[in-house]
Amino acid sequence: MSHIILLLHASTGMFFIFACVWVYVETLNCTEKNLPRIRSACVAAAALMWATFIIGGYWYVYFYAPDKAVILKGPWPIAHNFYMEFKEHVLMMLLPLSLFMPIVASNKLPSIPSARKLLLWAAGMAIIIGVVMEGAGAIISMGAKLGLMPA
Amino acid sequence: MNSSQLNGSTKGFGISLAVSVVFSALLVVVKETNEGLMKLMKTVTVHHWVTHSLVFVGLFLVLGFVLSKSNDGKGVNVSDEGLLKTVIGSNVLGAAIIAAFYLAEL
């Protein structure tokens, strides 16, 4: 069951990144016509981020301890000591950032360039942080795998 | 002078985002170096990380609502360019503080 939860966490995280890319591209081509789509994509991104956080948080609190012990005894303790510690706290930054995107999208985007610029930066930062989180997750998984392999 | 075209919620929650992100990064450093605070955060909820998340999101929401309603509902008196730089700078600073702290701990 814990493996399914973990895969779900990584999957919703990837869909969050896709939603942010969607926001970014739509905002680059913003008109009155696609404004409802931009706002929907922002809400979808926020919902996916919260799902990612709650699912990942549940796994981290209730299932991570055995993996942590394996990682710390293995050849890649940095997978926990840096990557997991970094990931668990930087991931949190995406919660307000994802909620901020629909708020920015509530402005009249087609007629306010500064609102479009702010939304592009918010979505862009969310994409970068999201990709870094996916990468950190891969390193943590590798740390656990190497810890289980015979020396 | 405020020549902003953004609505009050955007300015209020933008500043709130910046403040709460930097606060959260500093809370990482303080809780990891202060046993008493870490112990307290572990007792408030099931995990210190859950407590941290609740404080972080709670601060963002409360501060965001308060700042959005300030200045007769026009939000914080900040220029659009200033808000953009504050949001970007705070996120870079927050991530850098967390990364630097855990790298120094290795």
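**Exercises on the contact of chain A and chain B**

The side chains of Lys117(A) and Glu81(B) form a salt bridge at 3.5 Å, N to O (a side-chain nitrogen of Lys or Arg within 4 Å of a carboxyl oxygen of Asp or Glu). The model is predicted: local features need pLDDT of at least 70, side-chain atom pairs count only at pLDDT 80 or more, and totals for chains, interfaces and linings use all residues. Residues are numbered from 1 along each chain as its sequence is written, chains are lettered from A in the order in which they are written, and side-chain values use heavy atoms, with hydrogens and water left out.

**Exercise 1.** Determine how many salt bridges the rule finds across the interface of chain A and chain B, and which elements of chain A take part in the contact.

*Solution.* 
1. The rule finds one salt bridge across this interface.
2. On the side of chain A that touches chain B, H2, H3, H4 and H5 each give two or more residues (helices are DSSP runs of H or I, at least four residues, numbered from the N terminus).
3. The largest share, eight residues, comes from H3(A).
4. By class, this side has 24 nonpolar, seven polar and three charged residues.

Key:
Nonpolar A, V, L, I, M, F, W, Y, C, P; charged D, E, K, R; others polar.
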